[in-house]
Amino acid sequence: MAFPLGAIYVIALFGNGIIISTIKSESSLHIPMYYFLCMLAFADMGLTLCTLPSMLGIFWFNYKYITFDGCLIQMYFIHTFSAIESGVLVAMAIDRVIAIWSPLRYGTILTNAVVCKIGILILSRAVCVVFPVPFLIKRLPFYRSNILSHSFCLHQDVMRLACASTRVNSLYGLIAVIFTKGSDSLSILLSYVFILRTVMAIASGEGRMKALNTCVSHICAVLIFYVPLIGVSVIHRFGKHLSPLTHALMANAYLLVPPVLNPIVYTVKTKEIRKKIIQIFVRTKITTEG
C-alpha cells in the first residue's frame, strides 16, 4: 500500500493546492461560492497533513509508534479539521440557497465581511467543541493493550484502550457529534428541501436545470464527506465482529476520500481550475523538453 498511499497524498495536496492558488489568482472567482470552496480545500489539506506522518511512517518506513501526547495532538487536529469541513459544507449549502432564492441580492447578502464572519464562526466552533476531547482522554489510565486499530489516532479508537470507565468521554463525544455533524447534516438537508421548493417554482424547465446544475458539485462534496463518515460510525458501533482490516479500510476512506475526490469534482465543474492545471502541465512539458 506504500506507493498507492503516496500517490493519494500527492493528489490530495496538489489538487487542493491548485484550487487555493486558482481562487487566489483569478479575480473572477472572488465570490462567496469560491471563498467557501477555498475554505473546504484548506480543511482537506489540514486533514491530509494530520495523517500523512503516521500513515507514511507505517507503510513506507515500517515505523509503527507514536507518543501518547503526539497521539492526542493528532487526534485533536483530525477531529477539528473534520468539524471545520462539515461546517464549510453547511455554509456552501446556505450559499446555494441564497444564490437560487434571491440571485439579485446574492452579492449584497453574502458580502466579504459576512463570508469572513462565517469562516471565523466555523473555525471557532470546531476548535471549542473538540478542545476538551484530549483532556478527557488524558485523565484515563492506559496500562494494558496500547495497539490502535488504525494508522492514526481517532477518539473512539484511543478511548477503547482505557482501563477505566469511559462514560464521560462517550457522552461528550456523542454531544460533540450531534452539535457538529448531526446539526450540520440536518441543516444541509433542510437547505436542499428549500432549494427544491424554489426550483420547482421556476416556470421554465431550462431554468430549473440551470439552477440545479449549480448544486451538483456541492451535493457530490456532501456525499463524499458523509457516506464514509456514516460507514465508519456504523462499523465502530455494530461491526465488532468484522476483521481489523475492514475497520482500517473504512477509517482510511473516511479521512482520505474527501481530500482526493473534492478537488477532482470541482476541477471537472470549474473551467478556471481546469485551465490552471493545463497551464501547469504545459509549463512542465516545455521545461522538460527545453
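The chat below covers the pocket, salt bridges, first helix and a surface patch of a predicted model.

Student: How much space lies in the largest pocket?

Tutor: About 1300 Å³ in this predicted model.

Student: Which residues are closest to its centre?

Tutor: Q156, V177, L229, S233 and H236 are the closest, out of 42 residues that line the largest pocket.

Student: And which elements give two or more residues to that lining?

Tutor: Those are α3, α5 (112-130), α7 (155-159), α8 (167-200), α10 (216-238) and α11 (244-269).

Student: Where does the largest share of the lining come from?

Tutor: From α8, with 14 residues.

Student: Switching to charges. How many salt bridges does the structure hold?

Tutor: Four. Among them is the pair R125 and D184, whose side chains meet at 2.7 Å, N to O.

Student: Are R125 and D184 buried or exposed?

Tutor: R125 and D184 are both buried.

Student: What does R96 pair with?

Tutor: R96 forms a salt bridge with D95, at 2.8 Å from N to O. R96 counts as buried because its relative accessible area is 7%, under the 20% cut-off. D95 is buried as well, at 2%.

Student: What about R160, which side chain does it meet?

Tutor: The side chain of D157, again in a salt bridge, with 2.8 Å between N and O. D157 is buried, its relative accessible area being 0%, whereas R160 is partly exposed at 48%.

Student: New topic. How many residues has helix α1, and what does it span?

Tutor: Helix α1 runs over residues 2-25, which makes 24 residues. From first C-alpha to last it reaches 34 Å, close to the 34 Å expected at 1.5 Å a residue.

Student: Which residues of α1 are buried?

Tutor: A2, L5, G6, Y9, A12, G15, N16, I18, I19, I20, T22 and I23.

Student: Why would residues three or four places apart point the same way?

Tutor: Because an α-helix has 3.6 residues a turn. Among the buried residues in α1, A2, L5 and Y9 can be read with that spacing in mind.

Student: Last one, the surface. Which residues make the nonpolar patch?

Tutor: F3, W60, F61, Y63 and Y65 make a nonpolar surface patch of about 730 Å².

Student: Where is Y63 placed?

Tutor: Y63 sits in the loop between α2 (32-61) and α3 (68-101).

Student: Is Y63 buried or exposed?

Tutor: Exposed, with a relative accessible area of 51%.

Terms used: Residues numbered from 1 in each chain as written. Predicted model: local features only at pLDDT ≥ 70, side-chain atom pairs only at ≥ 80, totals over all residues. Heavy atoms only, no water. Patch = residues over 30% accessible without salt bridge, like charges linked within 9 Å, V, L, I, M, F, W, Y side chains within 5 Å. Areas by Shrake-Rupley, 256 points an atom, 1.4 Å probe, with all protein chains shown as cover. Helix = DSSP H or I, 4+ residues; strand = E, 2+ residues; numbered from the N terminus. Buried < 20%, exposed > 50% of the residue type's maximum accessible area, 1.4 Å probe, protein only. Expected span 1.5 Å × (residues − 1). 1 Å grid on protein atoms, 1.4 Å probe; cavity = no way out; pocket = protein on both sides within 12 Å on 5 of 7 lines; lining within 4 Å. Points joined across faces, edges and corners; volume = space filled by probe spheres on them.
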